[in-house]
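Subject: Model for your files, with notes

Hello,

Please find the structure below, followed by notes on what turned up in it.

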Amino acid sequence: MIEAGRDADPGRVALPGIVQAVDYTGPYAVVTVELAVPAAVRPGERADRRGAQARVRTRVPGRESPQVGASVQLEIDATRAHVFDPRTGIALHHPAAGY
């Protein structure tokens, strides 16, 4: 994780990762990035997949998509993030209405 500066937005975090997949969908690409942080689990549950890393999917303009294997840094607005269990697909967190 990258340290935030004094005037940083507390709702945003910058995380390093490696591009795992790029799926082109017309003018956009859906990029899957494995982050250098543990995978999310439901509150009260323990992580049963030791060493599993979190994965993020993001949509980018197709012409700006990175190559598979590239090191990237994502800035994530935590106030707008949707979080799902990777095994079940169950939503763990949705932002407030309006996003």
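Threonine 32 is located in strand S2. In this predicted model, threonine 32 counts as buried because its relative accessible area is 7%, under the 20% cut-off. Once neighbours within four places in sequence are set aside, the contacts of threonine 32 are Ile18, Val19, Gln20, Ala21, Arg55, Val56 and Arg57. Alanine 21 stands opposite threonine 32. The side chain of threonine 32 also makes a polar contact, at 3.4 Å, with the side chain of arginine 57.

That leads to the other partner. Arginine 57 belongs to strand S3. Is arginine 57 buried or exposed? Arginine 57 is exposed, because its relative accessible area of 67% is over the 50% cut-off. The 3.4 Å polar contact thus joins the side chain of arginine 57 to that of threonine 32, a residue that is itself buried. Apart from neighbours within four places in sequence, arginine 57 is in contact with Val30, Val31 and Thr32. Valine 30 lies 27 residues away from arginine 57 along the chain, yet the two C-alpha atoms are separated by 6.4 Å.

Four strands make up an open sheet, in the order S3-S2-S1-S4, with antiparallel pairing. S3 and S4 are the edge strands, each of them pairing on one side only. From one strand to the next, the twist averages 45 degrees. In a regular strand, side chains alternate between the two faces of the sheet.

The pairings, taken one at a time:

- S3 and S2 run antiparallel and are joined by eight bridges. Here valine 31 stands opposite threonine 58 in S3.
- S2 (residues 28-38) and S1 (residues 12-25) pair in the antiparallel sense over eight bridges. Valine 19 has valine 33 in S2 as its bridge partner, and tyrosine 24 has alanine 29 in S2.
- S1 and S4 pair over seven bridges, again in the antiparallel sense. Valine 13 has isoleucine 76 in S4 as its bridge partner.

S1 and S2 form a hairpin with two residues between the strands, and in this hairpin glycine 26 takes a positive phi near 75 degrees.

The next residue to look at is serine 65. Where is serine 65 placed? The position is in the loop between strand S3 (53-61) and strand S4 (71-77). Although serine 65 is in a loop, serine 65 counts as buried because its relative accessibility is 15%, under the 20% cut-off. Which side chain makes a polar contact with the side chain of serine 65? The partner is tyrosine 24, at 3.1 Å. The side chain of serine 65 also has a polar atom 3.0 Å from the backbone oxygen of glycine 62. With neighbours within four places in sequence left out, serine 65 is in contact with Val22, Tyr24, Ala29, Val31 and Val60. Two of these names have come up together already: tyrosine 24 and alanine 29 are bridge partners. Valine 31, also in contact with serine 65, is the residue opposite threonine 58.

On aromatic rings, a search of the whole structure finds zero aromatic pairs. A ring does take part in one other arrangement: the charged end of arginine 59 sits over the ring of tyrosine 28, at 4.1 Å from the ring centre.

Finally, the protein as a whole. There are six strands and zero helices, so that the elements read β-β-β-β-β-β from the N terminus on. Of the 99 residues in the protein, 23% are buried; threonine 32 and serine 65 both count as buried. Among contacts in the protein with a separation of 6 or more, 51% are between residues 24 or more positions apart.

Regards

Note on methods:
Residues are numbered from 1 along each chain as its sequence is written. This is a predicted model: local features need pLDDT of at least 70, side-chain atom pairs count only at pLDDT 80 or more; totals for chains, interfaces and linings use all residues. Side-chain values use heavy atoms; hydrogens and water are left out. Buried means under 20% relative accessible area, exposed over 50%, partly exposed in between (1.4 Å probe, protein chains only). A polar contact is a pair of N or O atoms within 3.5 Å; within protein, one must be able to donate a hydrogen and the other to accept it, and residues adjacent in sequence count only if both atoms are side-chain atoms. Contact means heavy atoms within 4.5 Å. Two strands pair if DSSP finds at least two bridges between them. Axes are lines fitted to C-alpha atoms, for helices over the stretch in contact, and angles run from 0 to 180 degrees between N-to-C directions. Rings of Phe, Tyr and Trp (its six-membered ring) pair if their centres lie within 6.5 Å; planes under 30 degrees apart count as stacked, over 60 as edge-to-face and the rest as tilted. A charge sits over a ring if NZ of Lys or CZ of Arg is within 6 Å of the ring centre and within 35 degrees of the ring normal.
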